[in-house]
Amino acid sequence: MSDIKKFLYVNRKPPYGTIYALESLEVVLIGAAFEQDVSLAFLDDGVFQLTRGQNTDAIGVKNFSPTFRALGDYEVTKLYVERESLDERGLTEGDLQEITYEDEDDDWEEKPSIRVVSRAEMAEIMADQDVVLSF
Amino acid sequence: MSTLHTVNKSPFGNATLSSCLGHCLPGDAVLLIEDAVYGALDGSAMADQVKSRMGEVALYVLDGDLKARGIDAGKLVSGAKCVGYDGFVDLVTEHDRTQSWL
C-alpha cells in the first residue's frame, strides 16, 4: 500500500476556449487506472468547468461536462472547488452540476463529490500532495 | 515539507502569479520563468503584492529569461534571487513537490 501516492490535478482554465480542461479530464481518467489517491482542484476560471447546463451544440465541440459525473465509478470522489473563485465569478454551489459517488465503505450510500473549500483550505490541500499536475 | 511553485505568465495580462501568491505557504519558494520574470520588477503594479509575501516565501527569477528580455537584475524587487538552470534544478530537489502555475 505504501506505493499509493496522493495526486492532485489542478484545474484553473475554463472549459472550451483552450484544450486544457478536456486534457485534464482525459489524464485523470487514465490516471484512475493506476489506483492512486486522486483529488481534483477547481479554482480561478477552472470553476467554470463544473457549471450545470452546458450545451455545446452551436460551437461544434464535445460537451465533456457529463463526464465529471462518471468519475465516481473510477473511485475519483474528491472534487475540491474554491469558494473565493466561485464568489469572484458570481457563482454559487447551486450553479454547479451535482456530482456524486457511491461510498463502498458506507453501504454504497450516494454522497456528493464536490467539496467547496476556502482558499486557505485549498492551499493546505495542495501542500498535502505527493504530486501536483496542473492544467 | 515545502513546495516549489513555478510561474511562466506575465502578471500584467494574466492572474496566474496572483493566484500562486494567494496559495503558497510559508517556507515555499516561487520561481518566475519565461514571461513571469516581469512579475519581479520593482515599482510595477504587481510589486506590492509580490513584496507582501517575501518575508515568508522565497522569490527566485530565472536569469536567462531575465537577460533575454533585457531586464537588469537591479530593477527587481529587493530580495529576489537570480538563478540559472542549475539553480532551478537545485530548487526542484530542495522542495518536496513542484507545482506549475500555467
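Predicted model: local features only at pLDDT ≥ 70, side-chain atom pairs only at ≥ 80, totals over all residues.

Trainee: Start with strand 2 of chain A. Mostly covered or mostly open?
Mentor: Mostly covered. Strand 2 spans residues 37-42 of chain A, and five of its six residues are buried.

Trainee: Which way does strand 1 of chain A pair with strand 2 of chain A?
Mentor: Parallel. Six bridges link strand 2 of chain A to strand 1, residues 6-11.

Trainee: What stands opposite Phe7(A) there?
Mentor: Val38(A), in strand 2 of chain A.

Trainee: And how does the chain cross from strand 1 of chain A to strand 2 of chain A?
Mentor: Through helix 1 of chain A, residues 20-32. That β-α-β crossover is right-handed.

Trainee: How many bridges join strand 2 of chain A to strand 3 of chain A?
Mentor: Three. Strand 3 covers residues 79-82 of chain A, and the two strands run parallel. Within strand 3 of chain A, Tyr80(A) is the bridge partner of Ala41(A).

Trainee: New topic. How many residues are in contact between chain A and chain B?
Mentor: Twelve from chain B and 13 from chain A.

Trainee: Which elements of chain B give two or more residues to that side?
Mentor: Helix 1 (16-23) and strand 5 (97-101) of chain B. Strand 5 of chain B gives the largest share, four residues.

Trainee: What's the makeup of chain B's side, nonpolar, polar and charged?
Mentor: Where chain B touches chain A, five residues are nonpolar, six are polar and one is charged.

Methods
Residues numbered from 1 in each chain as written. Chains lettered and ligands numbered in written order. Buried ≥ 20, exposed ≤ 12 C-beta atoms within 10 Å, placed from the backbone. Pairing = 2+ DSSP bridges. Right-handed = clockwise from strand over helix to strand, strands pointing away. Contact = placed C-beta atoms within 7 Å. Nonpolar A, V, L, I, M, F, W, Y, C, P; charged D, E, K, R; others polar.
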